[in-house]
Amino acid sequence: MTQSTTPAGHDAPVTPLPAPPGGRTAARRPLGLRPDVRNLSLLGVLAALLVVGGLTRPDEFLAASNLQLVLTQASVIGVVTVGMTFVITSGGIDLSVGAIVALASVWATTVATQEYGFAGILFTAVVVGLGCGLVNGLLVAYGRMVPFIATLAMFASARGLALQITDGRTQIVTVESVLDLGLPDSYVLGIPPLVLVFAAVTVVGWLLFNRTTFGRRTVAVGGNAEAARLAGIDVRRQRLYLYLLSGLCCGIAAFLLIVLAGSGQNTNGNLYELDAIAAAIIGGTLLSGGRGTIVGSVLGVLVFTTITNIFALNNLESAVQQIAKGAIIVAAVLVQHRAARDT
């Protein structure tokens with residue numbers, strides 16, 4: 001039996017992919033698209049939720065304005081979840097995303113920042129997100145800190161700094177060009193600009209994850225960091241880039257939240273870390289690393305956002321909503337285990 005070899009210096013893939021049954025190679029699979037039981041199950045849950053919402057509140061839930069609201073609310077946490085999916089796939093975790101969103105939003109809405117208008121707010125939000133991601137990445141990759149501890153420290157620090165900047169007050173946005181993005185007049189073919197940004201981040205994230213060496217290295221590091229290192233991957237640099245990516249997503253999400261709320265508050269992004277992790281996990285991303293899916297994570301975000309909307313329209317207690325979310329997480333994980341046994 002002969003084995004194929006990879007020429008020295010060849011950058012991707014890191015390891016040869018085994019041929020699937022039937023002798024077909026992975027390269028002949030069109031765009032890598034294939035039915036996934038996890039994604040199909042989430043689509044089924046989402047369809048069931050749409051039916052429930054349509055039956056319980058047909059006039060309100062199915063209204064175009066409400067569906068636009070659901071997608072808009074999903075956009076903020078959805079952008080955060082895209083970055084979280086990369087981090088978890090690499091075997092890491094980021095508990096600081098909600099606090100970074102809060103810090104970026106209040107820093108970008110100070111009076112001094114707003115004097116620079118739309119560009120100043122957007123630039124500040126993104127730079128703050130990147131800065132926090134850089135600190136996380138340096139602590140994890142080069143400081144050799146456990147991701148849980150490093151990002152927990154960032155969580156506490158960013159929340160504290162956000163509170164200090166605002167002194168507990170809400171910072172109202174006065175830049176009209178920013179506020180206008182949240183108005184119906186700015187919709188493109190009935191689609192809010194925030195949803196278009198979320199869609200763009202999702203597409204870029206999917207391409208980066210599935211069609212680049214960066215994505216393959218992320219999976220390799222999460223699957224076996226030592227094997228990835230022996231294969232020539234700079235594991236520490238890869239992890240630094242991943243936390244930078246997560247910080248970038250938090251900065252973008254902070255700007256979207258500023259547009260949505262019209263203000264910056266130190267309480268922004270509360271529990272975003274838990275929602276993002278839960279959405280990624282039920283979407284099919286392994287918490288232990290080595291496997292992830294951008295599409296599944298986005299579907300997870302839509303499921304959770306739809307549940308929240310249905311419960312709000314039906315005036316149900318938030319406690320019941322949390323129970324329903326917990327049940328969906330358990331069911332999704334059970335489906336993942338069943339799928340893993342069948343493959």
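Residues are numbered from 1 along each chain as its sequence is written. In this predicted model, local features need pLDDT of at least 70 and side-chain atom pairs count only at pLDDT 80 or more, whereas totals for chains, interfaces and linings use all residues, and side-chain values use heavy atoms, with hydrogens and water left out.

Reader: How many helices and strands does the secondary structure of the chain come to?
Author: Helices (H or I, at least four residues) and strands (E, at least two) are taken as DSSP runs and numbered from the N terminus. On that basis, the chain comes to 15 helices and two strands.

Reader: What percentage of the 343 residues in the chain is buried?
Author: A residue is called buried under 20% relative accessible area, exposed over 50%, and partly exposed in between, with a 1.4 Å probe and protein chains only. Of the 343 residues in the chain, the buried share is 45%.

Reader: Why is helix 4 largely enclosed by the rest of the structure?
Author: The buried residues of helix 4 include Val97, Ile100, Val101 and Leu103, and Gly98 and Ser105 are also among them. Helix 4 (residues 97-107) is largely enclosed because the buried residues number 10 of the 11.

Reader: Is helix 9 roughly parallel or roughly antiparallel to helix 12?
Author: With axes fitted as lines to C-alpha atoms, for helices over the stretch in contact, and angles running from 0 to 180 degrees between N-to-C directions, helix 9 (residues 193-210) and helix 12 (residues 235-261) come within 11 Å and cross at roughly 170°. Angles under 35 degrees count as roughly parallel, over 145 as roughly antiparallel, 65 to 115 as roughly perpendicular and the rest as oblique. The crossing therefore makes helix 9, relative to helix 12, roughly antiparallel.

Reader: Which residues in helix 12 do Leu194, Val197 and Leu208 in helix 9 meet?
Author: Contact here means heavy atoms within 4.5 Å. From the side of helix 9, Leu194, Val197 and Leu208 take part, and the residues that they meet in helix 12 are Leu245, Ile252, Leu256, Val259 and Leu260.

Reader: With which side chain does the side chain of threonine 218 make a polar contact?
Author: Threonine 218 lies in helix 10 (residues 213-223) and, at 0% relative accessibility, counts as buried. Leaving aside residues up to four places away in sequence, threonine 218 touches Phe86, Thr89, Ser90, Gln238 and Leu242. A polar contact is a pair of N or O atoms within 3.5 Å, where within protein one must be able to donate a hydrogen and the other to accept it, and residues adjacent in sequence count only if both atoms are side-chain atoms. At 3.0 Å, the partner side chain is that of glutamine 238.

Reader: What is phi of arginine 144?
Author: Most residues other than glycine have a negative phi. Arginine 144 lies in the loop between helix 6 (117-142) and helix 7 (147-166) and counts as exposed at 66% relative accessibility. Its phi is a positive value in a residue other than glycine, near 55°.

Reader: Where is asparagine 315, which also has a positive phi?
Author: Phi of asparagine 315 is near 55°, and the residue is exposed, with a relative accessible area of 67%. Its place is in the loop between helix 14 (294-313) and helix 15 (318-342).

Reader: What separates the C-alpha atoms of leucine 139 and isoleucine 149?
Author: Leucine 139 is found in helix 6 and counts as partly exposed at 28% relative accessibility. Not counting residues up to four places away in sequence, leucine 139 touches Arg144, Met145 and Ala150. Isoleucine 149 is 10 residues from leucine 139 along the chain, and the separation of their C-alpha atoms is 9.5 Å.
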